[in-house]
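The chain and its model are shown first.

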Amino acid sequence: MYDTSIGLLNTAIADELAAIHQYMYFHFRLDDLGYAPLANLLKMTAIQEMQHAEMIAERILFLGGEVEMKVGREVEKIHEAQAMLEKAKSLEQESIAMYNKFAVECSQNADSASKKLFEDLVAAEEGHWDQFDRQSDFVQRFGESYLALQSFQSGPPEGGAGQ
Ligand SMILES: [Fe+2]
Ligand SMILES: [Fe+2]
């Protein structure tokens, strides 16, 4: 009964690992561009994706499965901040759609705890999407220099690296 869930959970881990790699890449690229607050947002988001991977791995082990640790996709070598934000938003959108689908599938397989995990992940990824969308909106309205000026303030960007 739980074999299907284990498969879905391993697909989810591959997605989380891909996000971690992509956001780490964005983090050091943005840091190199001098956009410290946005770089920090990407770093904190990558750490949250790592926590997601761990939560999913715990569930796989509980169900008696193996954690495959495959990485879902290659890192895209994007150098412009706005293009990074667009990519990050699309990654989150894909995760949201996938986890919503997986939650329904787990429900159909009478695996409520995995369903709940996927629902919690949907909420977390929606939060990530919202933060990236906010930053993307600021760059569109004020231009990329906004990201450099933001660096003179202390702390993370508004709507920041909280959760
Ligand atoms: Fe995640
Ligand atoms: Fe995310």
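## Helix α4 and its end

Helix α4 is followed by G143, whose phi is positive, near 85°; helices here are DSSP runs of H or I with at least four residues, numbered from the N terminus. This is a predicted model, in which local features need pLDDT of at least 70, side-chain atom pairs count only at pLDDT 80 or more, and totals for chains, interfaces and linings use all residues. Residues are numbered from 1 along each chain as its sequence is written, while chains are lettered from A and ligands numbered from 1 in the order in which they are written.

With 31 residues (112–142), α4 reaches 45 Å from its first C-alpha to its last, close to the 45 Å expected, the expected span being 1.5 Å times one less than the number of residues. Its buried residues include L117, F118, L121, H128 and F132, and among the elements covering the buried residues of α4 are α1 (3–33), α2 (36–62) and α3. A residue is buried if 20 or more other C-beta atoms, placed from the backbone, lie within 10 Å of its own, exposed if 12 or fewer, and partly exposed in between.

## L91 in helix α3

L91 lies in helix α3 (residues 81–108) and counts as buried because it has 23 C-beta neighbours inside 10 Å. Beyond its neighbours within four places in sequence, L91 is in contact (C-beta atoms, placed from the backbone, within 7 Å) with A19 and Q22.

## Positive phi in two loops

Most residues other than glycine have a negative phi. A110, in the loop between α3 and α4, has a positive phi of about 55° although it is not a glycine, and A110 is exposed, with 10 other C-beta atoms within 10 Å.

How values were computed: Two residues are in contact if their C-beta atoms, placed from the backbone, lie within 7 Å.
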